[in-house]
Structures are given as structure tokens and as C-alpha cells.
Amino acid sequence: MMGKKGAILILSGPSGCGKSTLLKKVYEEIEDYSFSISSTTREPRVGEKDGVDYYFITKEEFEEGIKKGEFLEWANVHGNYYGTSLKPIRAAVDEGKLVIFDIDVQGHNIVRKKLDDIVTSVFITTPSLKELENRLNSRNTDSKEVIERRIENAKTEIKSFKKYDYLIINDDLEKASKELIAIANITRIKSRLFSDEIVNNWLIN
Ligand SMILES: Nc1nc2c(ncn2[C@@H]2O[C@H](COP(=O)(O)OP(=O)(O)O)[C@@H](O)[C@H]2O)c(=O)[nH]1
Ligand SMILES: Nc1ncnc2c1ncn2[C@@H]1O[C@H](COP(=O)(O)OP(=O)(O)O)[C@@H](O)[C@H]1O
């Protein structure tokens, strides 16, 4: 299905654990990556941009996309649809990019099944549930009800951490970002094995 030159790095973890914050640090240190921009039916937060953070679409548009088979994976998370479009992922992997996904546990399980050989995955969490609550409250982007729902879901999501290749406890931000950068680099090095071009070029040069 894919040209298999690049690799996919999946990040999952409860809402508020620090995935977006860590990714910003990683982007300063790595090259040749592509962030997979998901589509979602949730409302944009203050400061979020359509086509940058997400493609913000309607429920009808999302369901049309499902019908047409446009998603590599999709799931209902915290009461909204979220999904990854197949086309841009295929293109980025074929170009040899490290394609980074920030998706939930359900999405991870689907992508793992479909593209197991090119997937590396990391589960990220806080040192405790209490600290997750603190971060969601101090982020100040969601209502009380939305935060409560995310905390409830976190209690289930955390149980899936063993399905992942790596676990990062995002306590100290510097330490956690170093660990994530190390994983991103290793994932890229591992992806050399996915390309037949390397051997073909070796033979003719
Ligand atoms: N399955 C799936 N999950 C996604 C996708 N995009 C985002 N998510 C997950 O949806 C959850 C909610 O994301 P979001 O509303 O941005 O809140 P945040 O996690 O607090 O930043 C997170 O667990 C994301 O990892 C996607 O394309 N597919
Ligand atoms: N290691 C950390 N220590 C303290 N606060 C953190 C740490 N990492 C992230 N945060 C803060 O926690 C909140 C949630 O982080 P965010 O990156 O939005 O999480 P996610 O993308 O996983 O939902 C933000 O306000 C962020 O500044």
C-alpha cells in the first residue's frame, strides 16, 4: 500500500499530558518530518488555525469522508469525530518523511494493524492523574464539563500503555523532550530498512 521509504511515529496520551508542547520541542531538533494534520468536528480553541492544528469540518463532511473511505483511521474521541486522511500520509511516507501522528488509543490500534511494519509508537503521560487535572485546568482552553470528560477518559486510556513501543512520563519537560527526540531519531534510522532504493543505488554506484 505504501512505498515504504519513510516511517510513522504515533504519539498518544491523555488530553493535557503535554503532547503538543513536547512536539514543538521535537520540531526544533529534527528534519524531514511531516505532522499529520487530522480532521475533527470539535470546535477550534482560541489560537488554533484551520489547516495547521486540524482541519475543522462539520459532522456531515466527516461522515461523507467516512463513506468515501478517505480515512486511514477515524474514531469518536471525547464526543467528537477525529480522523487521519490517507492521501497525504501516503504521499509523505513515499517521500521518505518521518510522519508524526497525535492520535488516540483507538486510532493507534487501527494504524498499528494496517501499517505495523512502519509504525513506532509512544505513550505519553503525566506522573499522576492529579497532575493531569492541574494541567488541564491551568491550560485554560476547555470548559469544566469538557475537562471532566477528558479526565474520565484518561482513566481508561492509561490502561493501554503496554500496547506501545515506548512510554514517556512527561514530568520534567526538558528530560521528556530529549527522550522523544531520541525516539524520533531512532525511528528515522530504523526506516532505512524500509527502502529498497538503498541497495539498488549501492549496486550501481
Ligand atoms: N483516532 C484519532 N485521534 C485523534 C486524531 N487527532 C487527534 N486525536 C486525539 O483526540 C484527542 C483529543 O484531541 P484534542 O481535542 O486536540 O485535545 P488535546 O489532546 O487536549 O490537545 C487526543 O487524544 C488526540 O490524540 C485522529 O486523527 N485520530
Ligand atoms: N512537563 C510539563 N510540566 C508542566 N506543565 C506542562 C508540561 N508539559 C506540558 N505542560 C502544560 O500542560 C498543559 C497541557 O499540555 P498540552 O501540550 O496542551 O497537552 P496535550 O497536547 O497532550 O493535550 C499546557 O498548559 C502545557 O503548557
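Is Ser15 buried or exposed, judged by the other C-beta atoms within 10 Å? In this predicted model, Ser15 is buried, because 22 other C-beta atoms lie within 10 Å of its own, and a residue counts as buried at 20 or more.

Ser15 sits in the loop that runs between β1 and α1. Leaving aside residues up to four places away in sequence, Ser15 touches Leu136, Arg150 and Ala154. Ser15 is also one of the residues that come nearest to ligand 1.

A UniProt record, an unreviewed entry, places the feature "binding site" at Gly13, Pro14, Ser15, Gly16, Cys17, Gly18, Lys19 and Ser20.

Sorted by class, the shell around ligand 1 holds four nonpolar, ten polar and four charged residues.

## Overall fold and dimensions

The protein chain contains eight helices and nine strands. Its radius of gyration is 17 Å, close to the 17 Å that the globule rule gives for 205 residues, so the chain is as compact as a globular protein of that length. Along the principal axes, the C-alpha trace spans about 65 × 40 × 30 Å. Of the 205 residues, 30% count as buried, and among contacts between residues at least 6 apart in sequence, 71% join residues at least 24 apart.

The unreviewed UniProt entry annotates residues 6-185 as "domain: Guanylate kinase-like". Over residues 6-185 the chain is 43% helix and 23% strand, with the end C-alpha atoms 12 Å apart. For "coiled-coil region", UniProt lists residues 129-164, again in an unreviewed entry; this span is 69% helix and 0% strand, and its end C-alpha atoms lie 20 Å apart.

## The nonpolar core

The largest nonpolar core has 35 residues, and those with the most contacts inside it are Ile8, Leu9, Ile10, Val99, Phe101, Val122 and Ile124. Strand β1 (residues 7-12) gives the most to this core, with five residues.

Phe101 illustrates how residues meet here: not counting residues up to four places away in sequence, Phe101 touches Ile8, Ile10, Leu11, Ser36, Thr84 and Val111.

Most residues other than glycine have a negative phi. His78, although not a glycine, has a positive phi of about 50 degrees. The place of His78 is in the loop between β5 and β6, and His78 counts as partly exposed because it has 14 C-beta neighbours inside 10 Å. For Asn140, also a residue other than glycine, phi is positive and near 65 degrees. Asn140 is in the loop between α5 and α6 (144-157), and with 8 C-beta neighbours inside 10 Å it counts as exposed.

Leu203 lies in helix α8 (residues 197-204). With 7 C-beta neighbours inside 10 Å, Leu203 counts as exposed. The C-alpha atoms of Leu203 and Ala184 are separated by 29 Å, the two residues being 19 residues apart along the chain.

Notes:
Residues numbered from 1 in each chain as written. Chains lettered and ligands numbered in written order. Predicted model: local features only at pLDDT ≥ 70, side-chain atom pairs only at ≥ 80, totals over all residues. UniProt positions renumbered as here; feature names shortened; annotations may be inferred. Helix = DSSP H or I, 4+ residues; strand = E, 2+ residues; numbered from the N terminus. Rg over C-alpha atoms; globule rule 2.2 N^0.38 Å. Buried ≥ 20, exposed ≤ 12 C-beta atoms within 10 Å, placed from the backbone. Contact = placed C-beta atoms within 7 Å. Near = placed C-beta within 6 Å. Nonpolar A, V, L, I, M, F, W, Y, C, P; charged D, E, K, R; others polar. Core = buried A, V, L, I, M, F, W, Y, C linked by C-beta atoms within 7 Å.
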